[in-house]
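Look through the structure, then read on.

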Amino acid sequence: MNAIDAMPEWMGKGNWKIASLLISGLLLCNIASAAIPPPRRLEQHFKVTAHPVITIHNPNGMVTVKAWTKSEVMIISTRASDDVEVEAEQMGNRVDVSTHATSDNVAPDDMRADYQINVPEDAELQIHDDAGEVNVANVLGDMNVETVAAGVDLEDAAGYLTVKTVDGPFQCLRCTGRIEASSISGNFRLWDLRSYHVRAQTSTGSLLFSGEFLPNGLYHLKTYSGVIEVRFSPGDSFDLSATSLKGRVNNQASLTPRTHAQHFYSRFGNSLFGTFNAGRAKVELSSFDGTINILKRE
C-alpha cells in the first residue's frame, strides 16, 4: 500500500497530491534559504550616551568615520568575501567592531572589509587597521590609530591624537589639541594646524608642518634621514632649535640670536638657534642626515 492509498477517506487523491507537492516545495525553500550566506553589506545601529568609546579592529580595508549630531553609532560594513565575518557588539557605552576569518585558509584580498561609521562628535576612537586606509572627520574626542601599511587621514579632529604606523602615511588637516605621531617610513603632512603640542617622528619618511605656532606651544619634529619642512608666517612667534648632524639646514626666518648659552651639540653638524618675533612657542627640529627647511608660508 502506498502513501496515496493510505490517505484518509475524507481527502481525495487529487487533494493529497497537491498537499504533497506543497510540502515538498516548502522543504526545498527552507533548504535553499539555509544555503544562502548572510549579506555582505550589513547596517547596524547602537544607541549611546555622552562620550562613547568605539574600537575598530580590521586586518584590511577602508575605515571611514564621520561625526554627526545623533546619540547613535551607525555601522555599515561590506565584506569582500564569505570567508570573513563582521562583528559589532555593545557593552555599556562602548561599541566594539571587528573583522574575523571564518576559515584558516583565507587569501589576503578576501580578508578585506570596508566600514562606514557615524559617531557622536564627542566619541573616543581606538582604530587598528593593518592595511587599507583610515579616514576620520569632525570627531572631537581622543583618538588612537595604529596601522601597519594603512594611511591615516584626519580632518578637523581634536582631543588627544595618537597615531602610529610602520610605513603608512599620515595627514592631519585643521587638527587641534595634542598630536603625537610616529612611523618608520611613513610621510607626515600636518596642514593648517592649530595645535598647542605636536610631537612627530619618522625614520626615513619626510615631515611637513604648516600651521600656527600657538603661544606656549611645543613643536618637536624629528627624522633620521627624511626631509623636515616647516612653514611659518610673519605673525608667528617662536624660539627655534634646528640641527642636522650630516644634512643641511636652510632658513628663511630672520632670527634674533639667543643671549643665553646654546645647546651643547650646536658645534656638531649644521645647527641653527634663534628667536623669531617674541619667541612665544618652542620649535625643535632634529635630523641625523636629512635636510631641514624653514620656509615662509606662501
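## Aromatic pairs and a serine

The count comes to nine aromatic pairs. Rings of Phe, Tyr and Trp (its six-membered ring) pair if their centres lie within 6.5 Å; planes under 30 degrees apart are stacked, over 60 edge-to-face, and the rest tilted. F170 and F188 form an edge-to-face pair. F170 lies in strand 11 (residues 170-173) and F188 in strand 13, 18 residues apart, so the pair links distant parts of the chain. Strands (E, at least two residues) are DSSP runs, numbered from the N terminus.

The model is predicted: local features need pLDDT of at least 70, side-chain atom pairs count only at pLDDT 80 or more, and totals for chains, interfaces and linings use all residues. Residues are numbered from 1 along each chain as its sequence is written, and side-chain values use heavy atoms, leaving out hydrogens and water.

A second pair, F213 and F238, is tilted.

| Pair | Centre to centre | Angle between planes |
|---|---|---|
| F170 and F188 | 5.6 Å | 90° |
| F213 and F238 | 5.1 Å | 50° |

Is F188 buried or exposed? F188 is buried, with a relative accessible area of 0%. Buried means under 20%, exposed over 50%, partly exposed in between (1.4 Å probe, protein chains only). F170 is buried too, at 2%.

S206 is found in the loop between strand 13 (188-202) and strand 14 (207-211). S206 is buried, at 17%. Its side chain makes a polar contact of 3.1 Å with that of R189. Such a contact is a pair of N or O atoms within 3.5 Å; within protein, one must be able to donate a hydrogen and the other to accept it, and residues adjacent in sequence count only if both atoms are side-chain atoms.

Terms used:
Helix = DSSP H or I, 4+ residues; strand = E, 2+ residues; numbered from the N terminus.
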